[in-house]
Each structure stands twice: as structure tokens, then as C-alpha cells.
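Have a look at it first, then read on.

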Amino acid sequence: MGGKYPIDYKGSTAFANTSICNAGNRYGYRYNINHPKIRPLYDAYKKRIGLAPHIHPTHRQRLHFESVIDRMIYKEGNHVQSSDPDGTPDP
């Protein structure tokens with residue numbers, strides 16, 4: 001899984017999270033939007049709801065994004081393809 005690696009930020013050492021999960025996030029967000037697998041989905045979500053790239057979503061929009069990711073993970077885990085019109089799992 002991901003770990004943490006040191007980064008230099010304004011003269012102090014901080015640690016960047018490389019995990020897909022955001023354990024212990026003070027706002028309750030579960031996914032690390034800077035993870036390479038999440039970032040393209042996050043950017044596409046913002047574009048779809050009409051947010052410019054430099055605008056952050058509201059708390060409610062971010063929670064909705066996370067629920068979308070939850071559904072994607074659930075479908076992937078059950079081998080349901082979005083192209084299946086009836087939502088039945090592939091054999």
C-alpha cells in the first residue's frame with residue numbers, strides 16, 4: 001500500500017500521503033484526491049458538475065464524489081461492467 005515520504009515545504013519537513021485512503025482526515029474524507037488513480041476521477045467529477053479546475057468543491061459535493069467512488073469500487077469488486085444494461089455481473 002502507500003506510505004508517506006518526506007517533502008520540503010517552506011523550510012520544514014512534512015510528509016505526503018501516497019495512500020489511496022485518507023485515514024484520519026479531519027473532514028471525514030476517505031479518499032486521497034492526490035493519488036494517481038483518484039485524481040483523474042476527481043478532475044472529471046469537477047468538470048462534470050461545472051467547477052473550474054482551480055475551484056474546490058463544497059463539502060457536500062466532495063462527499064457526493066466519495067459516494068460515486070464507493071459505488072465504482074463496489075461495482076468493480078462485484079465484476080459489474082457499466083456497459084451491462086441490466087447491471088448483472090459478468091460470468
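Does N17 count as buried, partly exposed or exposed, and why?

1. N17 counts as partly exposed because its relative accessibility is 27%. For these labels, buried means under 20% relative accessible area, exposed over 50%, and partly exposed in between (1.4 Å probe, protein chains only). N17 is found in strand β2, residues 12-17. N17 and H35 are 18 residues apart in sequence, with their C-alpha atoms 8.5 Å apart in space.

2. A word on the basis: this is a predicted model, where local features need pLDDT of at least 70 and side-chain atom pairs count only at pLDDT 80 or more, while totals for chains, interfaces and linings use all residues. Residues are numbered from 1 along each chain as its sequence is written, and side-chain values use heavy atoms, leaving out hydrogens and water.

3. The chain has two helices and two strands, running β-β-α-α from the N terminus. These are DSSP runs numbered from the N terminus: helices are H or I, at least four residues, and strands are E, at least two.

4. The largest nonpolar core has seven residues: Y31, I33, I38, Y42, Y45, F65 and I69. Helices α1 (39-48) and α2 (59-77) each supply at least two residues of this core. Such a core is a set of buried Ala, Val, Leu, Ile, Met, Phe, Trp, Tyr and Cys residues joined through side-chain atoms within 4.5 Å.

5. Leaving aside residues up to four places away in sequence, Y45 touches Q61, H64 and F65; contact means heavy atoms within 4.5 Å.

6. Across the chain's 91 residues, 22% count as buried.
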